[in-house]
Amino acid sequence: MSVMRTKSVERSIADTEAPEFRLKKSLSALDLTIFGVGVVIGAGIFTLTGRAAHEVAGPAIVVSFVVAAIACALAAMCYAEFASTVPVSGSAYTFSYASLGELFAWIIGWDLILEMFLGASVVAQGWSAYLGVLMEQLGAPIPAEIGYGGTVDLMAILLVLVLGALMTLGIRESMRVNLVLVGVKLFIVLFVIVAGIMFINPANYSPFVPDPAPHESTTGLTQPLLQFLAGIEPTAFGVGGIFAGAALVFFAYIGFDVVATTAEETKNPQRDMPIGIIASLAICTLLYCAVAFVVTGMVRYDQLDPAAALANAFAYHGQDWIATVISAGAVAGLTTVVLTLLIGATRIIFAMARDHLLPGALAKVHPTRRTPWLISIIVTVVVALVAGFTPVGILEEMVNIGTLSAFVLVSVGVVVLRRTRPDLKRGFRVPWSPFLPLLSAAICTYLMLNLTVETWLRFLIWLAIGIVIYFAYSHRHSRLGKDAETYYNPAEPRVVGRDS
């Protein structure tokens, strides 16, 4: 039995109708858009914009955000086509299973588990840090022993436990809470933008594209892999700085792919999935560009504080109270990020367990709530422990490399599925295929090469562990392999017409 066997789209969709695996379909295009905005807009909007402007791009960071958005839109379109064609939980894992084969599907599922577990843990700790700042500003500081960086980060643990309970309760209930928090977050972001406009000095935009300058580079395991392999030194400012800034802020957009994990719980996935993915990306692009425009207009780019640019920009103009508002916005923003990453992690594991690449008993769905309750509890406990007791700061880039590897395989998978299954009904089609999907894969590969050598080493170790587990357990227990006549028969004619 080949490790490259694929699971047909018809079989994937049929599995979603099995009573023991059926999830509740309750999400609309608006829910998905809010879900996407909730995970993409985090604390980075208050910090990353200023850091990128100060270090590499200057006021032209606005252009960097547009360039990054265009690059990200290519991957988003690939996700939209797949999600509208294969409306099944699992996102890139499920898409790869239908197009590239079981081994690739396992690898990307294994990567996504790492991405979302680690991402939720890192963001929960970041939430705890911002909560500490906010409470201190309000005159009720959190004891150091149980706060961010303490003996145990009790605040991060409590956040994960509360959101885990909400997630287990039901997807609809989770979305209602997410809607409220995203509303608060957007209100604060818009407030900051409007308030900042009043302090803009047009002279700060000159020069809009600063002259090129040498940029401090790293060495050893902390240098980018591309620099290590080719000796290419990073550039700052000038036209090269715009693209360097785009590579830096690209990661501010990462998260929209989590929307695709909820395809199976969407009322009309062929229509709503593409709208949710692309609309959330468009909204986030407008907000990022607006914040970048405001912060570089308030303070000259070379005087920005890279650590907390937006808060310090207001402090520069004597508006210290707005720093409290920004902290509140970060707390609300990061809450929605943790919630969406927890949901994404459960749906990835659910899809893999339903295929028996992980123990099938995990894929139990609650008889009334129709949520994967057992997986939800496991994910909540693991993330709470990691967030509360583990210093995960050095592993943040692992989130990025796992996501980008998924982007590459999804982009290639679109091309493959177009050739192997041209008969499938697609609610959305990436234009100019195969050129745009392959361009997406190339851009994401380039961005992966800009991650550090030590990140690549950790990534390869994680992959090696995953491959051992696949051949020791998953390949032998796979449903696709267990029932060869039903799941895998090369002589069987293709089934056409089952699209929803």
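Buried here means under 20% relative accessible area, exposed means over 50%, and partly exposed is in between, with a 1.4 Å probe and protein chains only. The model is predicted, so local features need pLDDT of at least 70 and side-chain atom pairs count only at pLDDT 80 or more, while totals for chains, interfaces and linings use all residues. Residues are numbered from 1 along each chain as its sequence is written, and side-chain values use heavy atoms, with hydrogens and water left out.

I'll start with helix H14, residues 373-389. Helices are DSSP runs of H or I with at least four residues, strands are runs of E with at least two, and both are numbered from the N terminus. H14 has 17 residues, and at 1.5 Å a residue these should span 24 Å. The expected span is 1.5 Å times one less than the number of residues. The end C-alpha atoms of H14 are 24 Å apart, which agrees.

Which residues of H14 are buried? They are Ile375, Ser376, Val379, Thr380, Val383, Ala384, Ala387 and Gly388. These buried residues pack against H6, helix H7 (154-169) and helix H13 (321-354), where contact means heavy atoms within 4.5 Å.

Now the charged pairs. Side chains of opposite charge can pair when their charged atoms come close. The cut-off for a salt bridge is a side-chain nitrogen of Lys or Arg within 4 Å of a carboxyl oxygen of Asp or Glu. A search of the whole structure gives 11 of them.

One is between arginine 5 and glutamate 102, at 2.9 Å from N to O. This pair links distant parts of the chain, 97 residues apart: arginine 5 is in the segment before helix H1 (9-15), and glutamate 102 is in helix H6 (residues 102-137). Arginine 5 is buried, at 1% relative accessible area, and glutamate 102 is buried too, at 0%.

Within it, aspartate 423 and arginine 421 meet at 2.7 Å, N to O. Aspartate 423 counts as partly exposed, at 30% relative accessibility, whereas arginine 421 is buried, at 5%.
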